[in-house]
Amino acid sequence: YWAKRVDYPVLAGWYEKDAAGGSYHKDEGEGCDFYKVGKNRGIGGIGIWTGDGLLVPEPYESFAIDYRTPDSLSFTVSYPAIVTADDSIVLRETISMGLGDYYFKAAVSASSASRRDLVLAAGLTTFGKAQILKDAERASLNVVEQIEEIGESLGSSILAKESCFLGFASRGSDELVLMSLPAGESAEFLAAAAWSRDGRFEQFAKKWSRVTGSATFSEILGK
């Protein structure tokens with residue numbers, strides 16, 4: 001659960017600091033990694049929802065950059081097949097984001113040996129001190145996690161495209177948004193996050209409030 005509060009790339013430096021004996025789990029001015037997510041869904045991680053629970057793919061096995069400009073980016077990742085007793089499911093996800101936004105757009109498609117319609121799940125991981133708000137009318141899930149040690153909070157949100165929204169579910173510490181994923185089609189959602197200690201947060205507060213409280217997926221994207 002990475003959170004930064006500067007406007008330049010930090011991951012390479014954080015990994016170097018960790019390799020040298022430091023820790024990127026402590027904020028030293030740029031931000032830090034607050035929580036170990038592991039197999040949980042983090043912010044916008046995906047899976048296939050079934051009657052028996054959530055099928056989670058392994059980390060992506062290939063990627064392609066669709067386009068890259070000074071203020072926007074889109075890339076597509078393919079995940080290893082999820083193999084069950086009666087099916088094999090391959091997920092592909094295209095992620096698009098703009099410079100300065102607190103959210104990314106995801107479009108997920110699937111191919112399965114059974115060719116059946118599927119249910120996509122996108123999740124937000126909680127860590128025991130979360131306020132959870134579910135809004136079926138807006139197809140949105142919002143989580144605010146309090147970090148008592150520093151008196152700050154982390155906010156995260158998923159906003160599904162209205163036409164594919166099915167409902168909500170929970171699995172362990174993950175809260176999930178469920179979406180229809182028919183064969184040959186895609187499901188779309190926005191995943192957003194913000195940290196109250198981020199010095200840039202105020203200038204983006206209007207955008208954040210639209211994602212988390214007043215707008216739908218289509219309104220935010222201008223569709």
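I take strands (E, at least two residues) as DSSP runs numbered from the N terminus, like helices (H or I, at least four), and I call two strands paired if DSSP finds at least two bridges between them.

The model is a predicted one, so I note that local features need pLDDT of at least 70 and side-chain atom pairs pLDDT 80 or more, while totals for chains, interfaces and linings use all residues. Residues count from 1 along each chain as its sequence is written, and side-chain values use heavy atoms, with hydrogens and water left out.

Strands. I looked up E15 (residues 174-181) and its partners. E10 (residues 118-125) runs antiparallel to E15, joined by eight bridges, and I find Leu118 opposite Leu181. E14 (residues 165-171) is also antiparallel to E15, over six bridges; here Phe165 faces Met179. Two residues sit between the strands in the E14-E15 hairpin, where Gly172 has a positive phi near 60 degrees.

Cover. I use buried for under 20% relative accessible area, exposed for over 50% and partly exposed in between (1.4 Å probe, protein chains only). Seven of the eight residues of E15 are buried.

Rings. I pair Phe, Tyr and Trp rings (six-membered ring for Trp) with centres within 6.5 Å; planes under 30 degrees apart are stacked, over 60 edge-to-face, the rest tilted. That gives me three aromatic pairs. Tyr60 and Phe63 have centres 6.3 Å apart and planes at 90 degrees, so I log them as edge-to-face. Phe165 and Phe168 are edge-to-face, at 5.3 Å and 65 degrees. Phe165 is at 18% relative accessibility, so I call it buried; Phe168, at 24%, is partly exposed.
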